Every structure is written in C-alpha cells, then in structure tokens.
Amino acid sequence: MYCFFHPSKPAVAQCVDCHKALCLECASKYTIPICDACNNRRKFAERIGYLKPLIICIILYFIGYNLKIFNPDDTLGGYMCMSIYAGWKVINQFIPNLFVWFNLKAIFWYYLIRISVSMFIGMIVTPIYLLYCTVMLVRSFFK
C-alpha cells in the first residue's frame with residue numbers, strides 16, 4: 001500500500017478519520033496520524049464549537065435588552081437573559097436534563113425552577129464562560 005498523497009512512498013499509517021494511507025512524512029505532521037483535510041475539518045468544528053455559544057449569548061442579550069424587563073436599566077435585562085444560557089450549561093455538567101414522565105404541572109415547575117437557578121448561576125459564571133470561549137476561539141487560530 002502506498003501513500004494517498006505521495007504515490008511513490010510506502011504507507012506506514014492510516015488517517016484516523018478518513019482512513020487514507022499515509023507515508024511517514026504525512027503521518028508525522030501532527031500528533032496523531034491524520035491527513036491535512038481531516039485536520040482542517042477538526043479545526044473548523046472546534047472553532048464553530050467555541051463560536052456558537054458566543055453568538056447565542058449575543059442574540060439572547062439583544063432579546064433581553066429589547067424585552068425591556070428592567071426599564072431604567074435595559075442592559076441588566078439583556079445580561080440576565082444571556083446568563084440563562086451559561087447557567088444552563090453549568091447546571092448540565094452536574095445535573096443532566098431530567099425528563100421523567102411527569103404530569104404537565106410538574107414539568108412546568110421543574111423547568112421554571114431550572115431556568116431560575118440557571119439565571120442565578122449564570123449571572124456569576126457568564127463572564128468566565130464567555131472569556132473562556134473567546135480565548136479558546138482565538139487560540140484555535142494559532143495552533
């Protein structure tokens with residue numbers, strides 16, 4: 001078997017994603033044997049994974065800002081709406097979504113309490129979460 005990219009060189013490994021044959025030169029480019037195309041796909045998916053929460057938080061901020069829940073200070077309404085997302089992500093780390101066959105009233109109260117707790121926790125962790133996503137996004141461009 002010969003390298004997919006260098007047909008004159010014998011293959012020593014396979015790409016872990018697409019299973020194309022790789023020569024020693026291609027297999028040793030990265031820490032794992034992976035071709036350039038698959039590595040670029042992984043980088044893109046990683047960037048999207050860090051960019052998506054930032055976009056969601058921006059959208060939620062503008063929704064909360066425009067709802068005008070707190071008339072004198074609309075920025076607080078935007079921040080509280082945005083903090084639900086970050087708080088929800090933190091809560092899911094410890095308590096996964098619980099969906100047991102409750103009646104409709106119990107499901108309503110369960111999610112109302114969960115959203116309230118998410119907002120409270122999110123008000124604390126949102127700046128840290130957004131900073132982490134931003135730093136990791138910028139860092140992914142310099143790998």
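Predicted model: local features only at pLDDT ≥ 70, side-chain atom pairs only at ≥ 80, totals over all residues.
**Getting to know the helices of this model**

Q: Does Arg114 count as buried or exposed?
A: The cut-off for buried is under 20% relative accessible area. Arg114 has a relative accessibility of 6%. Because 6% falls under that cut-off, Arg114 counts as buried.

Q: How many Å does helix α3 reach from its first C-alpha to its last?
A: Helix α3 covers residues 74-94, which makes 21 residues. At 1.5 Å a residue, a span of 30 Å is expected. The reach in the model is close to that, at 31 Å.

Q: Which helices do the buried residues of α3 pack against?
A: Among the buried residues of α3 are Gly77, Gly78, Met82, Ser83 and Ala86. Asp74 and Ile91 are also buried in α3. The buried residues of this helix pack against α2 (36-67) and α4 (104-140).

Q: What is the handedness of the crossing of α2 and α3?
A: The axes of these two helices, α2 and α3, cross at roughly 140°. As for its handedness, the crossing of α2 and α3 is right-handed.

Q: How many nonpolar residues are in the contact of α2 with α3?
A: From α2, the residues making this contact include Pro53, Ile56, Leu60 and Tyr65, while α3 brings residues including Asp74, Thr75, Cys81 and Tyr85. The contact of α2 with α3 has 4 polar residues and 1 charged residue. Its number of nonpolar residues is 11.

Q: At what angle do α2 and α4 pack?
A: Helix α2 also packs with α4, and their axes are 9 Å apart. The crossing of α2 and α4 is left-handed. Their packing angle is about 145°.

Q: How many charged residues does the contact of α2 with α4 have?
A: Residues including Glu46, Arg47, Tyr50 and Leu54 make the contact from α2, and residues including Tyr129, Cys133, Met136 and Ser140 make it from α4. By class, there are 11 nonpolar and 2 polar residues in the contact of α2 with α4. The number of charged residues there is 2.

Q: Which residues does Ser140 touch, not counting residues up to four places away in sequence?
A: Ser140 has its place in helix α4. At 3% relative accessibility, Ser140 counts as buried. Beyond its sequence neighbours up to four places away, Ser140 touches Glu46 and Arg47.

Q: Is α3 roughly parallel or roughly perpendicular to α4?
A: The axes of α3 and α4 are 4 Å apart, and the helices pack at an angle of about 100°. Angles of 65 to 115 degrees count as roughly perpendicular. That is why α3 is, relative to α4, roughly perpendicular.

Q: Which residues does Thr126 touch, not counting residues up to four places away in sequence?
A: Thr126 lies in helix α4. With 1% relative accessibility, Thr126 counts as buried. Setting aside residues up to four places away in sequence, Thr126 touches Tyr79, Met82, Ser83 and Ala86.

Q: How many Å apart in space are Arg139 and Leu112, C-alpha to C-alpha?
A: Arg139 is in helix α4 and, at 49% relative accessibility, counts as partly exposed. In sequence, Arg139 and Leu112 are 27 residues apart. In space, their C-alpha separation is 37 Å.

Q: What is the phi of His19?
A: Most residues other than glycine have a negative phi. His19 is found in the loop between β1 (13-14) and β2 (21-22), and at 51% relative accessibility it counts as exposed. His19 is not a glycine, yet its phi is positive, at about 65°.

Q: Which residues is Val16 in contact with, leaving aside its neighbours within four places in sequence?
A: Val16 sits in the loop between β1 and β2, and is partly exposed with a relative accessible area of 39%. The C-alpha atoms of Val16 and Pro33 are separated by 6.3 Å, although the two are 17 residues apart along the chain. Leaving aside neighbours within four places in sequence, Val16 is in contact with Ile32, Pro33, Ile34 and Arg42.

Definitions and conventions:
Residues numbered from 1 in each chain as written. Heavy atoms only, no water. Expected span 1.5 Å × (residues − 1). Buried < 20%, exposed > 50% of the residue type's maximum accessible area, 1.4 Å probe, protein only. Contact = heavy atoms within 4.5 Å. Axes fitted to C-alpha atoms, helices over the stretch in contact; angles between N-to-C directions. Left-handed = near helix turned anticlockwise from the far one by under 90°. Nonpolar A, V, L, I, M, F, W, Y, C, P; charged D, E, K, R; others polar. Parallel < 35°, antiparallel > 145°, perpendicular 65-115°, else oblique.
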